[in-house]
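Student: I would like to go through the strands and helices of this model. Can we take them one at a time?

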Amino acid sequence: MSKRPELGVCYYPEHWPEEMWITDAENMRKNGISWVRIAEFAWSRIEPNSGVFKWNWLDKIVDILGNNGLKIVMCTPTATPPKWLVDQMPDMVAIDENGRTRKFGSRRHYSFSHIGYQKESQRITKAIAERYGQNNFVKAWQTDNEFGCHETTYSWCLSTLREFRIWLKKKYQNIDDLNKSWGNVFWSMEYRSFEEIELPNLTVTEANPSHNFDFRKFSSDQVKNFNYQQVKILNDYSPGRPISHNFMGHFTEFDHREICKDLNIAAWDSYPLGFLQNMQTIARGDKKLLEDCYNIGDPDFQSYHHDLYRGMGRLWIMEQQPGPVNWARYNPIPIAGAVRMWTWEAFAHDAEVVSYFRWRQAPFAQEQMHAGLMYRNNTPAIGSHEAMQVSNEIQMLNLPETQKSEIALLHDYEACWITELDGQTEDFHYTRLMIDFYKSVRVNGGSLDIVGKNADFAGYKLIIVPSFVHLETDTFKKMVSSGAKILAGPRTGLKDRNFQIPENLSLEGLGYKVKRVDALPYELPVEVEWKGQKGKLHVWREQGDSSGISEGNSEDGFPVITSGNQGSYLCGWPDEALLSSIMKEQMAMAGLKPITLPEYLRVRQRGNLLFFTNYGKKNVVIPDSFEGEILLGSKNMKQADVTILKINK
Ligand code: GAL
């Protein structure tokens with residue numbers, strides 16, 4: 001079944017005089033927009049005072065949009081509790097890690113664990129769901145807005161403490177088991193009852209990592225619980241309409257896979273230029289990438305997140321940058337064509353909808369310097385022309401279903417938390433490592449799925465595990481029995497699920513037994529040579545005994561990669577060029593056909609279509625090994641071009 005993707009926009013009618021609403025709706029239609037997301041920050045206009053509801057304006061705009069043929073994504077407004085509510089229960093706001101109260105005056109000023117606020121969130125959700133749940137123009141829902149944004153996943157308040165103790169008691173039942181599992185005998189940290197346990201902040205030196213790990217799992221459950229409370233109400237009052245939440249890029253503080261079990265649409269908010277700038281904290285100051293791509297974005301960052309979230313539900317891009325944003329370190333204007341290219345790239349990855357943030361540039365308050373599809377004076381901005389172009393192009397093409405890929409990349413939130421809590425080198429960053437491995441497949445022309453540990457591994461030819469600290473035997477066995485080739489990366493199998501070191505440091509069957517680890521600064525790598533190619537293992541490398549076939553040599557005499565009867569193991573984190581060569585060989589050994597792409601050219605397969613995107617400044621030519629009929633664009637590609645090729649397979 002083929003589907004035609006659609007465009008959407010985020011709209012804030014409450015920011016504009018009513019006289020503009022009808023022309024706004026008409027102009028959206030003219031711009032090829034089908035979906036409009038509204039109301040996620042409108043609580044103070046819906047309920048200006050406790051129990052006093054003002055629905056007229058929202059009824060009116062819902063009618064205007066709907067009567068103009070636009071479909072509405074209605075949001076619950078719980079990311080912005082109004083002042084009267086905060087005044088009613090001042091302890092609903094979060095407390096930061098240093099014990100400081102977070103104030104009213106922006107957004108997301110609540111603690112997920114505050115029972116009173118949970119009730120309020122359910123009350124306002126019910127009110128909106130009752131009013132619009134059966135409205136013909138409301139076709140989908142969004143809960144809240146960007147859970148966890150602005151460092152709000154964790155709160156160090158009393159409500160959190162109370163709920164954390166209850167959570168721990170439920171998990172461990174008796175305090176001795178908790179003491180054992182956390183290893184509290186170390187430094188005399190043993191507790192006599194659950195009531196003695198504090199939150200793991202403000203300790204003299206680092207808190208017990210197991211304490212922290214449980215706090216992370218608990219906090220993730222709190223987000224899931226908060227979301228589920230709303231989902232349940234929406235499903236009751238508006239059955240059959242899909243429910244989404246808009247997740248973020250480069251954000252791992254809660255387990256998105258768990259939350260998505262309660263949602264239909266796994267949406268995320270894509271800001272390619274903002275992310276490129278802000279990712280520098282983990283991108284080790286990649287000057288070349290920053291200079292080459294400052295006005296177009298990292299060629300793999302968007303794709304990585306499309307693949308990550310499409311593995312959890314129906315993929316939507318709920319917000320996409322339509323021009324410069326205001327919040328990154330630097331905020332350049334996207335190069336002409338970039339907005340169109342990002343949109344097509346999302347569709348290549350199976351997105352059903354790409355919705356731009358926002359319709360019109362705001363004239364006041366926090367985000368005045370953030371572009372919209374329209375300028376503040378209501379004339380079309382560049383993003384709007386590009387959106388229009390995509391909307392015309394979509395009409396000419398039928399997009400096939402995405403098929404299961406032949407390569408899987410294993411991703412796990414808990415594994416990420418363990419590496420963050422117990423890093424040993426400041427430069428070990430889980431998402432960075434994941435994107436490095438992801439990139440190494442893409443530069444070899446591959447498309448891949450990003451999957452969690454409970455995935456169905458059948459049918460994959462290559463399973464890549466960049467790092468899975470507490471990969472358990474069961475999951476590993478499932479991967480092995482799928483018959484796929486397995487490539488595991490640094491730190492895999494280093495800990496168990498209780499955050500303790502298992503007796504054997506490494507997984508059996510990968511040809512290596514780790515004895516010691518070298519946790520290095522990025523600037524001081526180990527020089528290696530692999531099949532004649534010189535390279536580096538940086539940040540993390542392992543020394544041990546090889547029991548299988550080992551390849552490559554380091555200056556200190558340890559291998560680069562080993563292979564046993566169940567797969568291969570990378571004994572460190574290779575630099576980009578080395579990893580790409582190793583991956584090419586792994587892909588070929590798995591029976592795939594890697595094709596090296598020109599720098600910054602990427603391809604993604606969707607059914608029998610190949611979508612090429614050129615992120616580089618140089619013009620490139622699609623290699624001849626890709627044969628097929630061109631449906632859009634050309635084999636010669638300028639920067640920000642998109643080419644769609646129909647292949648026979
Ligand atoms: C997102 C957020 C929007 C808006 C946007 C600006 O993170 O969901 O409400 O603030 O950023 O780029």
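Tutor: Start with a definition: two strands pair if DSSP finds at least two bridges between them. Keep in mind that the model is predicted.

Student: In what order do the seven strands of the open sheet run, and which are the edge strands?

Tutor: The pairing in this open sheet is mixed, and the order is β10-β9-β11-β12-β19-β18-β16. An edge strand pairs on one side only, which holds for two strands here. They are β10 (449-451) and β16 (549-551).

Student: Is strand β6 mostly covered or mostly exposed, and which residues lie on each side?

Tutor: Buried means under 20% relative accessible area. By that cut-off, six of the six residues of β6 (residues 265-270) are buried, so the strand is mostly covered. Both faces are covered: one side has Ile265, Ala267 and Asp269, and the other has Ala266, Trp268 and Ser270.

Student: How many bridges join β6 to β5 and to β7, and which residue stands opposite alanine 266 in β7?

Tutor: Strand β5 (residues 243-247) runs parallel to β6, with four bridges between them; asparagine 246 has alanine 267 of β6 as its bridge partner. Strand β7 (residues 314-320) also pairs with β6 in the parallel sense, over six bridges. In β7, the residue opposite alanine 266 is leucine 315.

Student: Why does α5 count as roughly parallel to α8?

Tutor: The axes of helix α5 (residues 115-132) and helix α8 (residues 209-237) come within 9 Å and cross at roughly 25 degrees. Angles under 35 degrees count as roughly parallel. Therefore α5 and α8 are roughly parallel.

Student: How do the residues of the contact of α5 with α8 divide into nonpolar, polar and charged?

Tutor: α5 passes α8 in a right-handed crossing. The residues making the contact include Tyr117, Lys126 and Glu130 of α5, and Phe226, Ile233 and Leu234 of α8. The division is six nonpolar, eight polar and two charged.

How values were computed. Residues are numbered from 1 along each chain as its sequence is written. This is a predicted model: local features need pLDDT of at least 70, side-chain atom pairs count only at pLDDT 80 or more; totals for chains, interfaces and linings use all residues. Side-chain values use heavy atoms; hydrogens and water are left out. Axes are lines fitted to C-alpha atoms, for helices over the stretch in contact, and angles run from 0 to 180 degrees between N-to-C directions. Angles under 35 degrees count as roughly parallel, over 145 as roughly antiparallel, 65 to 115 as roughly perpendicular and the rest as oblique. A crossing is left-handed if the near helix is turned anticlockwise from the far one by less than a right angle, and right-handed if clockwise. Contact means heavy atoms within 4.5 Å. Ala, Val, Leu, Ile, Met, Phe, Trp, Tyr, Cys and Pro count as nonpolar, Asp, Glu, Lys and Arg as charged, and the others, Gly among them, as polar. Buried means under 20% relative accessible area, exposed over 50%, partly exposed in between (1.4 Å probe, protein chains only).
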